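Have the viewer open and follow along.

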Amino acid sequence: MTFMESFMHEHAVCWLNGRIVPLDEARLSVFDHGLLYGDGVFEGIRFYHRRPFRLEAHLERLFDSARAICLDIPTTHAALAAAVLETIAASTLEDGYLRVVATRGVGPLGIDPSRCANPGLFIIADQLRMIDSETRERGARLIIAATRRLPPDGLDPRIKSLNYLNHILARIEANQAGADEAILLNAAGRVAEGTADNVFIVRRGKLLTTPPVEGALAGITREVVLDLAREAGIAAEEIALAPYDLYTADECFLTGTGAELIPVAEIDGRSLRACPGPVFRDLASRFQRLVAA
Ligand code: PMP
């Protein structure tokens with residue numbers, strides 16, 4: 001079984017450039033630079049009990065990503081928050097996933113973004129099942145991809161851009177190896193992140209995760225897990241990790257908006273000592289309580 005994202009569009013709702021539109025009108029131009037060049041930024045946001053989880057943090061990251069690529073999101077932070085709530089209200093789902101996307105907009109062929117006058121903005125609400133429940137229970141099997149994370153001096157990992165090809169190449173490696181997910185290393189051979197998630201390990205009771213400067217997205221779920229660890233009295237440290245640290249960890253798990261918390265059973269054929277381990281179980285149940293609250 002692969003680590004699949006499967007969308008069931010029958011529940012999908014779309015807000016496009018200012019209003020909820022029928023799905024067959026939820027279309028962009030073939031001249032949108034978001035499509036032609038991956039020129040745009042996005043967020044994935046979960047909603048639980050019809051309320052968006054960590055909306056402020058996601059919108060802040062979206063506006064920062066946009067600022068970093070000189071893209072003027074054609075609305076205010078407050079109006080976009082209202083649009084997110086409007087999209088949830090239009091959805092019939094109790095729990096779901098939102099994709100907020102800002103694209104450079106329509107322009108002539110040629111990469112120059114200054115020739116795109118009107119950035120596009122849309123929000124999709126749908127279901128997201130990133131991993132099947134069987135994999136979630138037995139734990140994910142990971143490989144370390146040969147594809148390296150793009151260096152931060154090429155594309156800062158804090159920009160959540162529409163360019164995922166680097167991660168897609170790693171994901172293809174996982175698929176071809178029959179694994180559930182791939183870990184990307186940075187150019188120095190240290191652990192960066194998963195294809196759409198951050199990586200944690202537990203070593204002698206201590207929680208360790210890669211700092212963003214190593215090539216990880218500053219994940220919002222990662223931040224929530226670090227907060228939950230603090231609350232639980234679990235020592236945590238952001239520190240550079242090598243494949244060795246993953247292979248010899250007591251526990252390993254992945255975090256992300258889509259992934260939520262996924263325990264890892266195996267990395268490159270090495271079985272982890274515990275899956276799900278006690279630290280994972282503690283943090284996962286705290287996470288469940290938090291999103292249920
Ligand atoms: N890394 C990458 C490359 C991602 O796409 C994601 C998913 N947004 C994450 C990490 C996890 O981040 P978050 O917890 O904010 O969803």
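Helices (H or I, at least four residues) and strands (E, at least two) are DSSP runs, numbered from the N terminus. This is a predicted model, in which local features need pLDDT of at least 70 and side-chain atom pairs count only at pLDDT 80 or more, while totals for chains, interfaces and linings use all residues. Residues are numbered from 1 along each chain as its sequence is written, and side-chain values use heavy atoms, with hydrogens and water left out.

Start at helix α2, residues 55–68. Just after α2, C70 takes a positive phi of about 55°.

Now look at which side of α2 is hidden. Its buried residues (under 20% relative accessible area; exposed means over 50%, partly exposed in between, with a 1.4 Å probe and protein chains only) are L55, H58, L59, R61, L62, S65 and A66. Seen down the helix axis, these residues fall within an arc of 160°, taken from the directions from the axis to the C-beta atoms, so they line one face of α2. An α-helix has 3.6 residues a turn, so residues three or four places apart point the same way. On the face turned away from the buried side sit the exposed residues E60 and R67. The cover over the buried residues of α2, counted by contact (heavy atoms within 4.5 Å), includes β3 (40–48), β4 (51–52), α3 (77–90), β5 (96–103) and α6 (220–232).

Next comes the interior. A nonpolar core is a set of buried Ala, Val, Leu, Ile, Met, Phe, Trp, Tyr and Cys residues joined through side-chain atoms within 4.5 Å. The largest one has 25 residues, and I73 and L80 are among those with the most contacts inside it. Two or more residues each come from β1 (13–16), β3, α2, α3, β5 and β6 (120–126), and α3 gives the largest share, 5 residues. Leaving aside residues up to four places away in sequence, I73 touches L62, F63, A66, A102 and L121. A second, separate core of 21 residues includes V199, L241, A249 and A259.

Finally, find strand β13, residues 251–256, where 6 of 6 residues are buried. E251, F253 and T255 on one side and C252, L254 and G256 on the other are all buried. Strands pair if DSSP finds at least two bridges between them. β13 runs antiparallel to β10 (residues 198–203), joined by 5 bridges, with V202 opposite E251. β13 also pairs with β14 (residues 260–267) in the antiparallel sense over 4 bridges, and a hairpin joins the two through 3 residues.
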